[in-house]
Amino acid sequence: MNAILEFLTAPAFVAILVEVGKGLVILFGMVIVAALLIWIERRLLGLWQDRYGPNRVGPFGSLQVVADMIKIFFKEDWIPPFVDKPTFILAPMIAMGTLMLAFMIIPITPTWGVAPDLSIGVLFFFAIAGLEVYAVMLGGWSSNSKYSLLGGLRSAAQMVSYEVFMGLALMGVVMQTGSFALSDIVAAQKDVWFIVPQFFGFCTFALASIAVVHRHPFDLPEAEQELAAGYHTEYSGMKFGMFMVAEYVGVVLVSALLVTLFFGGWQGPVLPPIVWFGLKTSIFVIIFILLRAALPRPRYDQVMGAGWKFCLPLAVINMLVTGAVVLSNP
Amino acid sequence: MKAILSGIWSNLRSMGMVFTHSWRKRDTLMYPEVPIYVPPRYRGRIVLTRDPDGEERCVACNLCAAACPVGCISLQKAEREDGRWYPEFFRINFSRCIFCGYCEEACPTNAIQLTPDYELGEYRRQDLVYEKEHLQIDGPGKYHDYNFYRMSGMAIAGKPKGSAANETPPVDVKSLLP
């Protein structure tokens, strides 16, 4: 008994507990933010289209999320008889799980963050982004429906081709910092944010990140007008909800990454770090929504063309120039 | 190169233009909370009016029922002791009514009129069938001074032939001697 008590009160164990607690707080905080984004996006889209959006449930409609959640939890979770069942169930789990896992590398404040010192931080994000393709691909393939398959195919091609230069776009930042860990990258931006020296890196990474979380205008995998709902046409109930929340988790994740990599992360004067981080991230989230409100969806070959013919060369040139500059100023 | 730059510019510009909509007035009408304006001649709920003396205007001529393209009006004529006609029952089925206003145009006595009230929702279809007591209002509606029996040649108790407005007394043909 004493041994157990001693073990439970040992400083090392308590430290682990605290870390786990922090991780859980970050996890749930992020899921709640992602769910709230559904409402925020609808309100903002309404604002920019000269209408109101959901404004009935609660103050300014802010409880719309709760209503949506209750609805989606109690909906029939229908698995069509023609689907490949294990893969069909696995796909939404991958979608949500991988993206939430990727959040662990983000340093939210100097003290908060699950693993900001992870020495392969940026690479870990690429790995996660690569795995996230599986969610869409498996979802589209296991559904055994032509729209889902087309959506899955499109997204696989799109995400693979955009991940190529997403990695290259970040290499400039990594070269200037000399480290893959995101905490080091934030620390390196103490004097000047990486948006200044790495402007083209930022441009290409921002484009690639939109494509990877397949948000408008790169939402060809789930183009409503052409493909019903793309890869999640056959999904219903909470499985669809998981795809939906995963999309918003992706938006938050990518915004947080953009802030961390190019806009100094939590650094900023006067206000506490958490406020700066939240402020910068929410600006990017709003820009994501503005993109959806403003831009039409390009044709599929245009998406691929922009990726391979414009962004890839730009990222490569940016990387080469950064490399030359870093090498010449040791 | 020029195409790429102009494409980037046009995308950024449209984003900026959409962003300016943040300060634009919203087109949504907050209808149930804020009542909307309807013109006075709006064709909504149908009413039966009374003449300035407070008597029913409707003389049960059936012209409205005949004019109605969907046949939602039904009524039955009856006669009072003083000679005035009135509908024994008058029934409009609003689940059929298309609010075309033909009944109002057909009415010779300005009795049936359409009003700007459009909130007719009911939970049961049968509740949309309005009887005479639901249709009859106490006022004269759009025509404040019009009184059919004061204008027409129809004789009723207290108003013999020839005493209506703009009417001359009947000619006694037997006294027309050369």
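1. Let's start with A:Leu291, which lies in helix 11 (residues 273-294) of chain A; helices here are DSSP runs of H or I with at least four residues, strands are E runs of at least two, and both are numbered from the N terminus. A:Leu291 has 18 C-beta neighbours inside 10 Å, so it counts as partly exposed. For that label, 20 or more other C-beta atoms within 10 Å make a residue buried, 12 or fewer make it exposed, partly exposed is in between, and the C-beta atoms are placed from the backbone.

2. A note on the model: it is predicted, so local features need pLDDT of at least 70 and side-chain atom pairs pLDDT 80 or more, while totals for chains, interfaces and linings use all residues. Residues are numbered from 1 along each chain as its sequence is written, and chains are lettered from A and ligands numbered from 1 in the order in which they are written.

3. What does A:Leu291 touch, leaving aside neighbours within four places in sequence? Its contacts are A:Ile210, A:His216, A:Pro217 and, over in the other chain, B:Met15; a contact means C-beta atoms, placed from the backbone, within 7 Å. A:Leu45 is 246 residues away along the chain, yet its C-alpha atom is separated from that of A:Leu291 by 10 Å.

4. Now the chains together: chain B brings twelve residues to the contact and chain A eleven.

5. Next, look at the largest nonpolar core, with 84 residues. Such a core is a set of buried Ala, Val, Leu, Ile, Met, Phe, Trp, Tyr and Cys residues joined through C-beta atoms within 7 Å. Helix 10 (residues 237-262) of chain A gives the most to this core, 17 residues. A:Leu253 is one of the residues with the most contacts inside the core, and A:Leu253 touches A:Leu99, A:Ala102 and A:Phe103, not counting residues up to four places away in sequence. Another core, of 19 residues, lies apart and includes B:Cys58 and B:Leu75.

6. Finally, chain B has an open sheet of three strands, in the order 2-3-5, with antiparallel pairing; two strands pair if DSSP finds at least two bridges between them. Which strands stand at the edges? Strand 2 (73-79) and strand 5 (129-130) do, each with a single partner strand, so one side of each has no neighbour in the sheet. Strand 2 of chain B pairs with strand 3 (residues 85-93) of chain B over seven bridges, and B:Gln76 stands opposite B:Phe89 in strand 3.

Terms used:
Contact = placed C-beta atoms within 7 Å.
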